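We start with overall dimensions and finish with the place where two chains meet.

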Amino acid sequence: MTEIAIRLDNLTRDFEPVRAVDGLSLEVPAGTIFGFLGPNGAGKTTTIRLLLGLLEPTAGQAVVLGYDTRTQAQEIRSRTGALLEHSGIYEHLSAEDNLGFYARAYRLSSKSERQARVRELLEHMGLWERRKDQAGTWSKGMQQKLALARALLHRPPLVLLDEPTAGLDVPSAAAVREDLAELAEREGTTVFLTTHNMAEAEKLCSRVAVIRKGRLVAIGHPDELRAQSGGPRVEVLGHGFSDEALALLRKRPEVAAASVQNGHLAIDLRQETATSPLVSLLVGAGVQVEEVRRGKASLEDVFLTLMEEEK
Amino acid sequence: MSNEIFADVLAIVWKERKSQFRVRGSRMRFLMMLMSPILLATIFPITWGPDWLAQVPPLVIAAITSVILVAVMVPESIAGERERHTLETLLASRLPDRAILFGKLLVPLAVSWGVSMLAILWSAVVVNLVHWEGEILFFTLPIALGSPALSFLMALLTAGAGVFVSLKAATAQEASQILTFAILIPPMLLQIVPLLFRDQMRQFLDTVNGIQLLAIVLIVLVLLDAIVLLAAVARFQRARLILN
């Protein structure tokens, strides 16, 4: 039987008059990288705070590593590493002191053990040479890596990461993703991460949940979600994708959804069907069609479709 | 306090010690704060002479010094941490609320008490240097015992009030300003009270000597400290801090 790292049962949290998390029920298997996806204000950060026992649920229950967040939050925080919305780095302290403090806080027993672990992590993250620098003088990417190192300091079985690659440049984000993948594989750590970045979720996560307005909209392996949500898809490259053209497309019975993404027109079909009538319709509506491709929906497409359906 | 909590408090103290004196300009600010008590502890003893060692002003200097230092350091430690977005990560750690609170109060208390005692001892050195009478002079017993106690209790009271103000204020600077203003109110009220109850006060003061009066003040402060500290412990909770 698969061990469950996180179990949410009808988890609800109100900030009167807003319901930030609305009856969330899901399970995160241990040792997996779980992506928690949703637009801004969907309730991702509130969920992480609930998981850490920083907030009490209004209703429902969250069990993390076998501990109830209401009554055993201290146990959870002892066994969990967290990288929250802000990196939480003490900018006027050195990298070594930042980790040194949390090593003390997490009771890494001896000074030599603390030093060895700090060195191991800083070397692994490529930060060792600059360990004496004030962390505030570092780039955002380096600070984020340091924050990730801090979250892993006490070798927690679970890490909760709130948009760990937000604001990072492409190489730094890739490096962080690589570290996370390696961590989950090497140490069997469960990673629960929130992200806006669908490509990231697709690459990293073995399971994703999509939430909107605090409610669970979909959950599963990225491939399963694509299969559920994304039927056949047609991508049209060209110009002049007017609202009228899109409206005409959406009226067609074979079209499930149509939207312009990155300058391309993405058409989700209910079933395999010929594309020529659709192309003719578009041309008739004034669209200049340059190329038509058949393809599979990406996780981003699935996400956008889910958001569209929810509206 | 159990050993475990003690170790947690020490972890916070380690961080606070580094934080308080490594923020840009913090050492200069600390030296500036040190200047006023040292100046007062130099000028007054020169003017008062040996009488300084047996009068109330050293008690006032001890109390004011510790209060001012705490009023700057506690907001920096609590509201400042929230302002710099490091508080939530700290709260997400395994450290218990009480360990965080006590650790954050311990450094300001120790520093302020230490500085106020330094100022008081320095004032005794000044008296001896300027008004040398052939033997070393020192404070009378009530002043020698009262100044450390009064300094510590006033620091603790300010620290407790500082927790409340820091939880409400948006920035460390705002918290520090509110706290300083709040500290100025009781002395202002004390100037009005004797006018209202002049006769009763005079009658009461006739019945007690200096030591008894000091003891009464200290007992009242101990009670106030206990109330404020217990309230601060009750208030300093993760959920409230996150929501704030």
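## Dimensions of chain B

Along the principal axes, the C-alpha atoms of chain B fill a box of roughly 60 × 40 × 35 Å.

This is a predicted model, in which local features need pLDDT of at least 70 and side-chain atom pairs count only at pLDDT 80 or more, while totals for chains, interfaces and linings use all residues. Residues are numbered from 1 along each chain as its sequence is written, and chains are lettered from A in the order in which they are written.

## Fold and burial

Chain B comes to 10 helices and zero strands (DSSP runs: helices are H or I with at least four residues, strands are E with at least two). Buried residues, those with 20 or more other C-beta atoms within 10 Å of their own, make up 39% of chain B.

Among contacts in chain B between residues at least 6 apart in sequence, 87% join residues at least 24 apart; a contact here means C-beta atoms, placed from the backbone, within 7 Å.

## Where A meets B

In the interface, 22 residues of chain A are in contact with 22 residues of chain B. On the chain A side, helix H2 (73-78) and helix H3 (95-105) each give two or more residues, and H3(A) has the largest share, with five residues.

Conventions. Contact = placed C-beta atoms within 7 Å. Buried ≥ 20, exposed ≤ 12 C-beta atoms within 10 Å, placed from the backbone.
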